[in-house]
Amino acid sequence: MLSDYHVHTDYCDGKDAPEELILQAIKLGMQAIGISSHAPTPYGCFWTMKNNIQYEEYIKEMKILKERYKDQIQIYTGIEKDYYGEAYWSRKNLDYIIGSVHFMPSEDNSRVYYVDGNKDEFKNTLNDLFNGDIKKLVEHYFSLIIEMVNTCDFDMVGHLDVFKKNNESGEFFTENELWYKDIVNDVLDAIKEKNKLLEINSGGISRGYIKDFYPSPWILKQCKTKGINVVLNSDAHSFKNLLFHREKAIELLKEIGYTYITVLYAGKWKQLGI
Ligand SMILES: [Zn+2]
Ligand SMILES: [Zn+2]
């Protein structure tokens with residue numbers, strides 16, 4: 001079964017309209033597609049839906065498309081929500097929610113500092129908020145993920161170690177460092193405890209930032225040990241990247257010892273053998 005549940009549209013920073021993505025999914029022989037535009041935030045981010053009016057239009061269009069293509073593909077209305085301390089997340093009209101942290105608000109809430117930005121933006125975050133201390137940045141990022149996991153109602157954690165897109169050369173830290181392994185262990189325990197899904201996201205590879213998936217293979221190994229269920233996602237921002245590196249992800253999971261992945265099918269999250 002071919003499926004993809006992390007897909008962006010031109011409602012946010014994706015290139016294509018939802019219908020173009022769905023038509024491509026049908027062409028690829030996919031059985032299920034979940035669309036997950038970035039939810040609006042109060043910070044006026046350019047890469048999200050602008051406001052609730054646009055969000056309602058998105059929900060309306062998704063309803064129409066579900067009906068139009070119901071004989072050809074299962075379509076799910078998702079959203080990628082940002083966690084920035086606001087824990088009330090409504091599931092109204094949504095089939096699922098991906099929870100992600102892309103930024104941290106400044107203390108006075110006047111601006112956002114990106115962890116998922118370009119290198120300059122990342123350095124600004126590191127220097128302005130954490131005095132250049134990468135350990136503090138990573139710990140704070142993961143504390144937000146744990147807070148989100150513990151307080152928000154959602155399905156799946158998005159791109160768990162997204163900040164590594166600016167650390168491909170090991171410029172800021174290496175993933176072998178004990179403090180890093182410890183904090184990752186704590187995050188995975190929280191995810192398992194609350195029974196959240198974790199995505200394997202190929203978006204950092206398709207966009208040319210890194211060579212590995214989010215999260216790194218050693219983290220996926222720990223997920224397997226802890227019994228965390230994983231979902232394969234592309235984080236496509238264009239129809240060209242639907243299912244990106246899917247076979248490679250399955251290969252990696254098999255190597256690690258996974259015998260199944262989790263898919264949204266007939267309205268429920270289910271396990272599918274690989
Ligand atoms: Zn994201
Ligand atoms: Zn995304």
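This briefing covers the cores, cavities and cysteines of one structure. The model is predicted: local features need pLDDT of at least 70, side-chain atom pairs count only at pLDDT 80 or more, and totals for chains, interfaces and linings use all residues. Residues are numbered from 1 along each chain as its sequence is written, and side-chain values use heavy atoms, without hydrogens or water. The largest nonpolar core has 87 residues, the search finds two cavities of 30 Å³ or more, and there are zero disulfides.

**Nonpolar cores**

- A nonpolar core is a set of buried Ala, Val, Leu, Ile, Met, Phe, Trp, Tyr and Cys residues joined through side-chain atoms within 4.5 Å; buried means under 20% relative accessible area with a 1.4 Å probe, protein chains only.
- In the largest core, Ile33, Phe142, Ile145, Leu160 and Tyr180 have the most contacts inside it.
- Helix H4 (residues 134–151) gives the largest share of this core, nine residues. Helices are DSSP runs of H or I with at least four residues, strands are E runs of at least two, and both are numbered from the N terminus.
- A second, separate core has six residues, among them Cys45, Trp47, Tyr84 and Val112.
- Tyr180 touches Val138, Phe142, Asp161, Phe163, Phe173, Glu175, Trp218 and Ile219, leaving aside residues up to four places away in sequence. Contact here means heavy atoms within 4.5 Å.

**Cavities**

- A cavity is a set of points on a 1 Å grid over the protein atoms alone where a 1.4 Å probe fits but cannot get out; lining residues have an atom within 4 Å of a point.
- The largest cavity holds about 60 Å³ of space. A volume is the space filled by probe spheres set on the points, which are joined across faces, edges and corners.
- Its lining includes Ser3, Asp4, Phe213, His245 and Arg246. Strand E1 (3–4), strand E9 (230–233) and helix H8 (246–256) each give two or more residues to this lining.
- The second largest cavity has a volume of about 40 Å³. Among its lining residues are Ile191, Lys192, Leu197 and Asn229.

**Cysteines**

- A disulfide is a pair of cysteine sulfur atoms within 2.5 Å.
- Cys152 is in no disulfide either; the nearest cysteine sulfur, that of Cys45, lies 16 Å away.
- Cys12 counts as buried at 12% relative accessibility, and Cys152 counts as buried at 5%.

Key. Chains lettered and ligands numbered in written order. 1 Å grid on protein atoms, 1.4 Å probe; cavity = no way out; pocket = protein on both sides within 12 Å on 5 of 7 lines; lining within 4 Å. Buried < 20%, exposed > 50% of the residue type's maximum accessible area, 1.4 Å probe, protein only.
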